[in-house]
Amino acid sequence: MASGNQQRAGETGQVQSLLEHYRPIDGVVDEMVDASGKPRPLWKLFIASLQALGPEKLTQRFARADQYLRDAGVYYRVYDNAGANERAWPLAHVPLLIDEKEWSAISAGLIQRADLFERIAADIYGPNRLVEAGLLPPGLIAGSPEYLRPLAGTSPAGGHFLHFCAFELGRGPDGRWWVLGDRMQAPSGAGFALENRVATTRALSELYGELHVHRLAGFFRRFRDALNSSAAASRGRVAILTPGPLNETYYEHAYIARYLGIMLLEGEDLVVAKGRLMVRTVAGLVPISVLWRRLDAAFADPLELRTDSQIGTPGLVEVVRQGAVTSVNGLGSGLLETRALLAFLPRISQELCREDLLLPSVATWWCGQEAERKHVLANLDEMIVGPALSTRLAFEDDGASVLGASLSAEARADLVARIETDGSAFVGQEAVTLSTTPVFVDGRLEPRPASLRVYLARTTDGWTVMPGGFARVGFSLDPTAIAMQRGGQAADVWVVSDRPVERETLFPRDSEGFDRTVPGSLPSRAAENLMWLGRYIERAEDTARILRAYHVRLAETSDPAMPLLSELRAYFDPLGIDVTDPVPPGLLDMMDSAVYSAGQVRDRFSPDGWLALKDLSKTLHLFETTVSRGDDATRAMTVILRKLAGFSGLLHENMYRFTGWRFLEIGRRLERGIQTARVLARLTRADAPEGALDMMLEIGDSVMTHRRQYPVQAGRSTVVDLLVLDPLNPRSIFFQVERLKTEIGLLPGENGSGHLSPAAKDILKLNTALAVKEPSDMTATALNALADEIGGLYSSLARAYFS
């Protein structure tokens, strides 16, 4: 097939079409072509295949990849003057290809580096021999905000500070890979690397199958197994700790949690009790033994670290000190990202390991030493100067680092004066010229600067390296344009072998055993959000049904003053909803609240469910500005109801019947019961306007059922019987109460003694009382009281499961 692709490319004259405008930059290594513009051996088949497809088909293929990312809801949060906004994941569609042999050399260098950092962390938080021997300036340690004094003298559980690391690499003009920065605090991007892989292979599936590209799943499986093994040894669970949905990479946190089957928690979900870290679940406190931390350590414990943190867990530092929980990575490991530390790594490596670094760091000089300071000042035009204690790369630190050659005479003089006065606050780094990799722009390939992020995970057999990662690619030739916050793109990385590779997956082998998750191990916060998701969706449906009933009659009569329409306005007025508005803001608020609640539990929400919910929200917001009153609003509400039914059906048919589903179902049934009772109380009064009963049947979606069940004209008794007391009508209040009784009865008990919980007692009493009622008993007062009783069930459930 390879030769066939090449032959077809030649026959169609496309061999040069994709590369005819591709020009490598002088003095810069290009990953795809050599200095003469000829494809490198590794890329020949790849380019020939792209050319065989041609620009038009490639554009279609890459659009397919983008559509997958949109459908999956992949986003990256961007912070700018407008605030925090979700940006569609910026995929650079052409992967970066690296030969397996070259990757082996990179892997060896990074494993050596990870081991070195492990030893440095153990020394800094232990005996401090590096400082004592003069290999590390004490000021760089003590002065760093990443050095956590409360952890001094702590030996981490399991014996390791580092478990999951990332390294930012760049290829220099000499063709060698250099380490630009180290990520030890809470490395991000591994989940995005997986999504890059899925999207890219959607576009280039034939080529991916033809090339021998190493898979990523094995890397994650081995790390997951190592985490689970560590947790099992101390009889606890594994969890991922996230700062929450407003974090720039929250999507990835939820994706990894879902992909690996690990609980995703926020700081408020955790509590320290009896010397252990516990997660609040609906079944009580459950111990956490391994915490994969995705928030900066300083925010992890407001009791001993940053007191202004609202996303941490009080007492976390103490359980880490006691070895009762394994922190991945260890608290305080962010210190290892300090930019100035790069200047001392070569000597430290010689001292601790008796070997040179296989992968050198970008050349760095700390200006707190006289000779190094003089060297930086003498070569300022070739230097990038920045904060010594910064943990960010020079091209992504928001202008804190400057290129000496770009400074005006005045700015240069000011910088020199500051370096001479306070040299220890600065480092100079050799200005890096990054290699370029191809991107697809307007039907052709163009070179763009790129860096490579590679991930390492500690397993029971030592470090394992992800055979790939992702490349950050600039949107222009400016190296600073690589930063994701500045519009950079991300490309998949294909490690290519010359022989078939193992097709690894996350699934266990048949010979391996497995454990089932305990059904009650649902965090209380997640349960509450699932319940409110159900309530908001049902509340939106009820509102949409009433709005449709209002506007269909407005379209028929053109008389907004008719008594029945006035009755609906009066019903909505206390709720702050203007029913005369085709799409009132209150309905939009309900949908936004539903999306927010679902966003809080993204790790427990299927991609299809999320896509359906976002589509529903998008449609509703579109209608806000495009729909007019009357018939137009009627059709719009019908569309919304159809989409709501599709979303609810998706959840009902596809969601596993575990504890989370029960809380979602309880939320729906609570809200349907409350809303039905409230509207019934209004529309079945003796003095209700003409047509109220017919409207009530329409709102209750029971017109056809009523005609079959009662061969008479609708009367108050028949409407109340059908919508309040009929146990077979899924829209009746009694049906909701029956479902609530069943689902609440299956929730985890409070003490396992066989006694009913308060919520179970409340619903049993309500169910029994309603079962013996007659239609004549259900006056407006009784219906409003019934709505209050159903609403009171939420309080009982909240006390039992959410407190």
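Two strands count as paired if DSSP finds at least two bridges between them. Helices (H or I, at least four residues) and strands (E, at least two) are DSSP runs, numbered from the N terminus. This is a predicted model, where local features need pLDDT of at least 70, side-chain atom pairs count only at pLDDT 80 or more, and totals for chains, interfaces and linings use all residues. Residues are numbered from 1 along each chain as its sequence is written, and side-chain values use heavy atoms, with hydrogens and water left out.

Now the sheet. β13 pairs with β16, residues 426-430, in the antiparallel sense over three bridges. Trp365 has Gly428 in β16 as its bridge partner. The open sheet has four strands, in the order β13-β16-β14-β15, with antiparallel pairing. β13 (364-366) and β15 (402-403) are at the edges with a single partner strand each, so one side of each has no neighbour in the sheet.

On to the cavities. On a 1 Å grid over the protein atoms alone, a cavity is a set of points where a 1.4 Å probe fits but cannot get out; lining residues have an atom within 4 Å of a point. Grid points are joined across faces, edges and corners, and a volume is the space filled by probe spheres set on the points. The whole structure has six cavities of 30 Å³ or more. Which helix gives the most to the lining of the largest cavity? It is α19, with four residues. The second largest cavity holds about 100 Å³, and its lining includes His160 and Phe161.

Definitions and conventions: 1 Å grid on protein atoms, 1.4 Å probe; cavity = no way out; pocket = protein on both sides within 12 Å on 5 of 7 lines; lining within 4 Å.
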